[in-house]
Amino acid sequence: ARQRYNKLSTDREQFLNVAYECAELTLPTLLMRNEKPPAYAQFNTPWQSVGAKGVVTLSSKLMLGLLPPSTSFFKLQLDDSKLGVEIPPESKSELDLSFAKIERMIMEAIAASTDRVQIFTALKHLVVTGNALLYMGKEGMKMYPLNRYVVERDGDGSPCEIVTKEKVNKDLLPAMPLPLSKESDLVDNSGESSKDVDVYTCVKLTPKGWKWWQEVHDIIIPGSEGKAPKDKNPFLPLRFVTVDGEDYGRSRVEEFLGDLKSLEALMQALVEGSAAAAKVVFTVSPSSVTKPQSLANAGNGAIIQGRPDDIGVVQVGKTADFQTAYQLINTLEKRLAEAFLIMNVRDSERTTAEEVRMTQMELEQQLGGLFSLLTTEFLLPYLHRKMHTLTKSKQIPTLPKNLVKPTIVAGINALGRGQDRDALVQFI
């Protein structure tokens, strides 16, 4: 698993470098270059907060669109094409009531777990780095950032192999006999015994379905093996924007990296220039009768001896240049606000409620393209896995495989229903 991880990480390198650059301009703590714990890690704070605000706003909108808090994001329906017979209306209404009860039980299980927290973190990673890996275990959900996993996909873009790497305290691992050559690896450079060891998880797709196991020092950890059907894989490698032939996705921030870089440079220049312009320094002519000490000690409204012509004030004199930078900053901020769906209402006396509503609708329609991929790559596999685990733990009844099909009604489908509603209200 370690050799496979090292081999596949060379293909990931270019995506990882861009992801680091994107994180540095938006939320630096999402993905940091050094492997040290965040407590010791050093990172530079961006000069602007537009990127950070945009990432949080877009992630929140995606979160509310994919997993709405008040309603179910899916519906259980009978597959009429597989039935072959007509079901009487009374039976159909009874089935619908039973399905609604199962839907409610699944939504309650999701609400009681920490899934939403991990999914929101994953969405932030998707917006900034374009990639995230979700693991749906029995204890709960876990999220892996791009620098902790590698993935290989087939020609259709479906994952066929995933390898993760994480540091785990060796006291938490079961007792294992290690070869002598490996025991020396547990000692760090200072000669002290290292607490953490690298644990690799290898996930592979076989003709019979998914199987996975964990290794430490090239030895399989006892009891770490597992398997799952092809459509119920607990490991979900997510992408934000797909590019044909690439194993990893591209991010929203990467698409607007030029504007963010320009804004960062201009904001730094403007802040440093404003700090220099705000500094007040008086100059006194060397041949002046006015003593600098007297000027420095003089209180407000004091009278001292001297000639006003001999005293000057240092001025930057860059007002026009600052104005140019300020105008460009405003343009860039407006463009980035539109890119990350931050609503900017036109500031004027004649701004109407209809104009605000139309602006909001235009922004929401942009979500359509973003939702389509997340619906197929995240919501469907997530729902299948959730139903699989709840059925195995006897929390929901077993549903007949071919007769009942779950249909996603959130994301892009919800946008479509919203447009129908707007058209109906407009017609009335």
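Predicted model: local features only at pLDDT ≥ 70, side-chain atom pairs only at ≥ 80, totals over all residues.

**Helix 2 against helix 5**
- Helix 2 (residues 50-66) and helix 5 (residues 115-129) have axes that come within 9 Å and cross at roughly 130°.
- That angle makes helix 2 oblique to helix 5, and the crossing is right-handed.
- On the helix 2 side, the contact is made by Val-55, Val-56, Leu-58, Ser-59, Ser-60, Leu-62, Met-63 and Leu-66.
- Helix 5 brings Arg-116, Ile-119, Phe-120, Leu-123, Lys-124, Val-127 and Val-128 to that contact.
- Sorted by type, the residues of this contact are eleven nonpolar, two polar and two charged.

**Nonpolar cores**
- The largest nonpolar core has 93 residues, and those with the most contacts inside it are Leu-62, Phe-73, Ile-119, Leu-134, Val-253, Phe-378 and Tyr-382.
- Helix 11 (residues 353-392) supplies the largest share of this core, at ten residues.
- Leaving aside neighbours within four places in sequence, Tyr-382 is in contact with Leu-67, Phe-73, Ile-110, Asp-115, Ile-119, Met-136, Met-141 and Leu-236.
- Another core lies apart from the largest one; it has six residues, among them Val-168, Val-197, Val-216 and Ile-221.

**Leu-328**
- With a relative accessible area of 42%, Leu-328 counts as partly exposed.
- Leu-328 and Tyr-149 are 179 residues apart along the chain, and their C-alpha atoms are separated by 39 Å.

Conventions. Residues numbered from 1 in each chain as written. Heavy atoms only, no water. Axes fitted to C-alpha atoms, helices over the stretch in contact; angles between N-to-C directions. Helix = DSSP H or I, 4+ residues; strand = E, 2+ residues; numbered from the N terminus. Parallel < 35°, antiparallel > 145°, perpendicular 65-115°, else oblique. Left-handed = near helix turned anticlockwise from the far one by under 90°. Contact = heavy atoms within 4.5 Å. Nonpolar A, V, L, I, M, F, W, Y, C, P; charged D, E, K, R; others polar. Core = buried A, V, L, I, M, F, W, Y, C linked by side-chain atoms within 4.5 Å. Buried < 20%, exposed > 50% of the residue type's maximum accessible area, 1.4 Å probe, protein only.
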